[in-house]
Each structure stands twice: as structure tokens, then as C-alpha cells.
Amino acid sequence: MIEVKALHKRFNDNEVLKGVDLALQPGEVVTILGPSGSGKTTFLRCLNFLEHADSGAIKVDQDWVNFNQATSQEVMALRRRMGMVFQNYALFLNKTARQNIMEPMVLVHKVSPTEAYDRATQLLQTIGLGAFGDYYPAQLSGGQQQRIGIARALAVHPTVLLFDEPTAALDPELIGEVLKVMKAVKQAGVAMIVVTHEMQFAYEVSDRVIFMADGAIVEQGTPQQIFESPKEARTKAFLSRFKVRYA
């Protein structure tokens with residue numbers, strides 16, 4: 001469904017991504033782990049052209065796009081098939097929860113306001129915030145705002161959802177409610193690529209876990225392979241700092 005080949009990215013003399021490859025199957029959940037500065041977030045942002053990669057290509061469904069030659073039309077078409085959930089929620093502060101969910105449907109996908117309203121109302125129920133549709137972001141907790149961000153990304157029926165540390169800005173007591181919604185997204189069969197430091201979540205929800213360091217994929221496999229029997233010394237050293245309850 002999604003394939004990335006030889007993704008390279010530099011910031012001046014610093015090579016942040018060193019030819020990263022990734023293939024994602026329909027409905028598959030892939031989590032990306034690694035130390036700060038390993039290139040995880042940059043990789044995610046390159047996939048939907050929030051950062052411009054220096055070389056490589058991406059295929060979504062059957063359409064290949066070269067990172068360094070993509071036209072604005074190709075970028076827009078690719079973004080329409082990807083939903084992005086950010087660390088800092090990225091909500092419009094002057095719009096209600098429902099309006100935030102409606103916005104990409106109406107402006108980007110040209111859905112009628114009536115249909116967008118109904119879809120947003122349905123999604124508010126799905127994420128457990130049915131009574132909060134008329135609330136503004138300032139009236140919501142961080143966890144509630146992030147759930148609105150997830151609903152907004154789901155609203156356009158994306159091929160894949162990209163999550164950039166979706167719980168990083170949350171207080172510990174609010175993390176669980178966001179992870180619960182993400183588990184529900186998985187159960188609905190939506191493919192996800194998740195950059196996270198939530199190791200228990202990665203172990204329980206992932207179909208595949210990728211460990212990155214220094215701009216490259218060091219190791220990948222099932223959660224059981226990576227967490228319980230990692231092969232690479234770098235992976236072992238990183239995971240030794242975390243406690244994970246194995247099934």
C-alpha cells in the first residue's frame with residue numbers, strides 16, 4: 001500500500017536520513033522507536049512533504065512520487081491520502097472541536113458542509129467527546145485536544161495515519177485516553193506509522209516495530225522479536241532503559 005525507497009535528507013552538512021526504506025501493508029501498524037536525533041520525526045515529516053527530502057521516492061497505493069521532483073499537484077494528491085497527528089495538536093484555536101474536524105473535509109476534499117458536519121459529529125462520538133463539539137481548544141484538556149486531532153485526521157478516510165509522538169505533550173494521566181483511541185483506530189483497520197516513546201503501547205499494538213538510530217533503520221521485526229530478543233547491541237542498549245510487560 002505504501003512503499004518508501006532510499007529516502008535521504010540533509011540539513012546542511014548533517015545527513016539526517018541515510019537511505020531509509022519502508023513498506024507498509026493495508027491495515028498494518030508500524031511503530032518507530034529510537035533515541036532523540038535518530039531521524040524518526042524527520043522521516044515522518046518527509047513522507048507527506050512537511051520536510052523536503054533530498055532524494056528517494058514514495059508510492060501510495062499505485063502512484064510513485066519522487067521526493068525531489070514532486071509537483072504541487074502530486075504533493076496535494078499524496079497528502080489527501082495521509083492523515084497527520086502532531087505532538088502539539090495543531091488545532092485552530094478560533095474554531096470549535098467540530099469545526100476543527102470539518103475543516104480539512106470542506107477545504108481540501110470539497111465535502112459539503114452538511115456532510116462534513118454529520119461526519120464530524122459521528123467522529124466526536126467515536127472518540128468519546130460527543131458532548132464537546134461546540135467547545136474551543138482552550139476549553140479542552142490536552143488529551144481531549146489530541147483526540148480531536150486524531151478525529152480530524154480520520155475524517156478524510158486516509159490510506160494511512162502518521163503519528164508524531166502523539167502523547168509527548170501530555171501529562172501522564174492523560175496519555176491513556178489518547179492511546180485508547182489509537183487502539184480503536186487499529187481495530188478499525190486503519191494503517192498507522194507511529195513515532196513514539198510509549199513502549200508498552202508499541203509492544204501491544206504494533207504489527208511491526210522499527211528501531212532507528214543515526215538516520216538509519218538498525219533493526220525491525222515483530223514486537224516480540226524487538227522487545228524480547230533484539231539482535232543488535234544498539235537496540236538492546238536503548239530498550240534496556242524501559243520496562244515492558246510481556247504478554
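The legends below describe close-up views of a predicted model. Because the model is predicted, local features are given only at pLDDT of at least 70 and side-chain atom pairs only at pLDDT 80 or more, whereas totals for chains, interfaces and linings use all residues. Residues are numbered from 1 along each chain as its sequence is written, and side-chain values use heavy atoms, with hydrogens and water left out.

**View 1. An open sheet of six strands with mixed pairing.** The strands follow the order S6-S7-S8-S3-S9-S10; strands are DSSP runs of E with at least two residues, helices are runs of H or I with at least four, and both are numbered from the N terminus. Two strands count as paired if DSSP finds at least two bridges between them. Strand S6 (82-85) and strand S10 (216-221) stand at the edges with a single partner strand each, so one side of each is left without a neighbour in the sheet. Neighbouring strands of this sheet are turned against each other by 20° on average, direction ignored.

**View 2. Strands S3 and S8, with helix H6 lying across them.** Strand S3 (residues 29-33) and strand S8 (residues 191-195) run parallel and are joined by four bridges, and isoleucine 32 has valine 195 in S8 as its bridge partner. Helix H6 (residues 172-187) also lies across strand S7 (160-164), and runs at about 150° to S8; axes are lines fitted to C-alpha atoms, for helices over the stretch in contact, and angles run from 0 to 180 degrees between N-to-C directions.

**View 3. Helix H3, mostly covered, and its crossing with helix H5.** Eight of the 11 residues of H3 (residues 97-107) are buried, meaning under 20% relative accessible area with a 1.4 Å probe and protein chains only. Helix H4 (113-126) and helix H5 (142-154) are among what covers these buried residues. The axes of H3 and H5 come within 8 Å and cross at roughly 30°, and the two helices are therefore roughly parallel to each other, a term for angles under 35 degrees. In contact, defined as heavy atoms within 4.5 Å, Ala97, Asn100, Ile101 and Pro104 of H3 meet Ile148, Ala151 and Arg152 of H5.

**View 4. Strand S4 between two antiparallel pairings.** Strand S4 (residues 55-60) pairs with strand S1 (residues 2-11) over five bridges and with strand S5 (residues 63-66) over four. Isoleucine 58 is the bridge partner of valine 4 and also stands opposite valine 65 in S5. S4 and S5 form a hairpin with two residues between them, and aspartate 61 in the turn has a positive phi of about 60°.

Note on methods: Buried means under 20% relative accessible area, exposed over 50%, partly exposed in between (1.4 Å probe, protein chains only). Angles under 35 degrees count as roughly parallel, over 145 as roughly antiparallel, 65 to 115 as roughly perpendicular and the rest as oblique.
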